[in-house]
Amino acid sequence: MDASRDRTVPGAQSVARAARLLRLVTSGGAGGLTVADLARRAELTRPTAHRLLAALRNEGLVDQDEKTGLWMPGPELYLMGSAAASRYDITGIARDIVRSLAVRTEESAFLSVRRGDETVCLLREEGSFPIRSFVLSEGVRFPLGVASAGLAILAFLSPHDVDAYFERHPELASEWGAAHGEKRLRARLRETRARGYALNPGLIVEGSFGLGAAVFTREGHPQWALSLTGVEFRFGPDRLADLGRTLLAHAHQLTTRVAATNR
């Protein structure tokens, strides 16, 4: 988002703050979050967060449990999501591909979507291998470039968009570790573009590896990603190439299906 434009468009800052709170509330799911947690994560004062949440509740976009005081998604979000699903939701045409990926590799397979500067997991299919990684599940968000899905998407954005992303997010290294500093992350982006898929060698949870491949819109924009996660010894050099080829083949299949569906 262009910060200079935010300062010139009346009300833009309030809209951005409200949108941030909405994303945080939805990330909390049905369990809900306290106003203190929401204020801290949104980097707002508690009174400001409460005022915005109250306004969102009046519009039905969030709801508050009367007994616990926890905030959770409201009924209007469901209606809005249903209206937008026909354009943005590809889970219906992707489910069998995600399942096939899990069956072929025996690892847990996922579909994630880009939402602004984050990825959100939409689908999870368990693999048959008994030892699993539980880093990712439906509704979990990561900044672009952190999980393998977001790394794959970021790698295939335009150079201008990649530069702008790093300008907006100087905090990646402090929040996610030194491996996510701009210099090291740019090196992984180059590696991802060279081989076609992203590798996360246990940078989120030690011993939990991930592979990600971008899925493109009809216009060629990386909007989704398929990914695999598993324990480290399952992603050794002798098996990694086979996993990568299988992942890329499924991502290409889904890209082709998206293009055919959106004609």
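Trainee: Before we start, what should I know about the model and the numbering?
Mentor: It's predicted, so local features need pLDDT of at least 70 and side-chain atom pairs count only at pLDDT 80 or more, while totals for chains, interfaces and linings use all residues. Residues are numbered from 1 along each chain as its sequence is written, and side-chain values use heavy atoms, leaving out hydrogens and water.

Trainee: OK, at what angle do α3 and α4 pack?
Mentor: About 105°, with the axes of α3 (residues 35–42) and α4 (residues 46–58) 9 Å apart. Axes are lines fitted to C-alpha atoms, for helices over the stretch in contact, and angles run from 0 to 180 degrees between N-to-C directions. Helices are DSSP runs of H or I, at least four residues, and strands are runs of E, at least two, numbered from the N terminus.

Trainee: So what do we call that arrangement?
Mentor: α3 and α4 are therefore roughly perpendicular, a label for 65 to 115 degrees.

Trainee: Which residues make the contact?
Mentor: V35, A36, L38 and A39 of α3 with R46, A49, H50 and L53 of α4. Contact means heavy atoms within 4.5 Å.

Trainee: Switching to the sheet, what's the strand order?
Mentor: β5-β4-β3-β8-β7-β6, an open sheet of 6 strands with antiparallel pairing. Two strands pair if DSSP finds at least two bridges between them.

Trainee: Which strands stand at the edges?
Mentor: β5 (141–143) and β6 (198–201), each with a single partner strand, so one side of each has no neighbour in the sheet.

Trainee: And how many bridges join β4 to β5?
Mentor: 3, with β4 covering residues 118–125. T119 stands opposite F142 in β5.

Key. Angles under 35 degrees count as roughly parallel, over 145 as roughly antiparallel, 65 to 115 as roughly perpendicular and the rest as oblique.
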